[in-house]
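Please open the structure in a viewer and keep the sequence panel beside it.

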Amino acid sequence: MVKLNRIYTRTGDDGTTGLATGPRRPKYDLRVAAYGTIDETNACIGIARLHAAAEDPEVDAMLGRISNDLFDLGADLSTPDTGEPPAYEPLRIVPAQVDRIEADIDRLNETLAPLRSFVLPGGTPAATHLHLARTVSRRAERLMTELAQTPGEIVGQPALQYVNRLSDFLFVASRYLNASAGGDVLWVPGQNR
């Protein structure tokens with residue numbers, strides 16, 4: 001379990017940060033950027049939840065589970081798989097978490113009309129914040145896939161699947177919330193020419 005008595009340690013004053021396993025890396029390191037962007041995604045979801053609780057408690061509960069999963073994902077990414085047996089069992093994203101987010105996507109999507117246009121970010125307050133979270137999660141996915149392609153770096157397949165499904169969930173959840181408030185804000189190509 002995590003125990004934080006001191007918030008500042010001064011160990012990062014040299015521009016490095018410690019991974020969960022102890023080694024220090026530059027704060028601009030790709031792995032650090034990946035889990036930092038997952039944290040940023042989670043913060044965006046936290047803002048969306050301020051509104052989702054009033055708009056739809058079921059979606060809010062789903063977002064609460066995802067928020068916890070994102071801490072699991074951050075722990076996964078901050079504990080590199082070096083191929084050596086670790087001193088403890090590291091927390092990893094598992095297929096059951098991917099299955100659950102897929103089930104949540106299916107549950108929300110089953111009532112939505114098929115799209116006939118691209119959707120602009122907007123609509124209800126929660127939906128709008130979910131669109132922002134979606135774009136940040138896509139950035140996290142780009143960083144994670146780049147990390148996975150870097151020699152010597154391993155990113156688990158369930159973690160990559162989870163982050164890919166996450167942006168899908170956020171998109172579908174925004175549409176679901178907008179559906180009960182008049183519908184999506186649709187792109188009209190060339191509308192302002």
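Helices (H or I, at least four residues) and strands (E, at least two) are DSSP runs, numbered from the N terminus. The model is predicted: local features need pLDDT of at least 70, side-chain atom pairs count only at pLDDT 80 or more, and totals for chains, interfaces and linings use all residues. Residues are numbered from 1 along each chain as its sequence is written, and side-chain values use heavy atoms, with hydrogens and water left out.

**The whole chain**

Begin with the protein chain in cartoon view, where five helices and four strands can be found. Followed along the sequence, their pattern is β-β-α-α-α-β-α-α-β. Next, display the surface: the accessible surface of the protein chain comes to about 11000 Å², and 55% of this belongs to carbon and sulfur atoms. Such areas come from the Shrake-Rupley method with a 1.4 Å probe; for residues, only the protein chains shown count as cover.

Of the 193 residues in the protein chain, 40% are buried. Here buried means under 20% relative accessible area, exposed means over 50%, and partly exposed lies in between (1.4 Å probe, protein chains only). Contact means heavy atoms within 4.5 Å. Among contacts in the protein chain between residues at least 6 apart in sequence, 74% join residues at least 24 apart.

Select Phe-118, which is found in the loop between H3 and strand S3 (119-120). Phe-118 is exposed, because its relative accessible area is 61%.

How many aromatic pairs does a search of the whole structure find? The search finds one. Phe-118 and Trp-187 form this tilted pair, at 5.7 Å centre to centre and with 50 degrees between the planes. Phe-118 lies in the loop between H3 and S3 and Trp-187 in the segment after strand S4 (185-186), so the pair ties together parts that are 69 residues apart in sequence. Rings of Phe, Tyr and Trp (its six-membered ring) pair if their centres lie within 6.5 Å; planes under 30 degrees apart count as stacked, over 60 as edge-to-face and the rest as tilted. Trp-187 counts as partly exposed, because its relative accessible area is 40%.

**Second selection: charged side chains**

A salt bridge is a side-chain nitrogen of Lys or Arg within 4 Å of a carboxyl oxygen of Asp or Glu. By this rule the count comes to 13.

Select Asp-76 and Arg-92, whose side chains meet in a salt bridge (3.1 Å, N to O). Asp-76 lies in helix H2 and Arg-92 in the loop between H2 and H3, so the bridge ties together parts 16 residues apart in sequence. Asp-76 is buried at 6% relative accessibility, whereas Arg-92 is partly exposed at 25%.

Move on to Arg-175 and Asp-184, which form a salt bridge with their closest N and O atoms 2.7 Å apart. Arg-175 is buried, with a relative accessible area of 9%.

Then select Asp-104 and Arg-100, joined by a salt bridge of 3.7 Å, N to O. Both lie in helix H3, four residues apart, about one turn of the helix. Asp-104 is buried at 8% relative accessibility, and Arg-100 is partly exposed at 22%.

Select Ala-159 in helix H5 (residues 157-179). Is Ala-159 buried or exposed? Ala-159 counts as buried, because its relative accessibility is 1%. Leaving aside neighbours within four places in sequence, Ala-159 is in contact with Leu-73, Asp-76, Ile-93 and Met-144.

Asp-29 lies in the loop between strand S2 (24-26) and helix H1 (30-55). Asp-29 is buried, at 16% relative accessibility. Finish at Gly-83, in the loop between helix H2 (57-77) and helix H3 (95-109). Gly-83 is exposed, with a relative accessible area of 59%. The C-alpha atoms of Gly-83 and Ile-154 are 9.0 Å apart in space, and the two residues are 71 apart in sequence.
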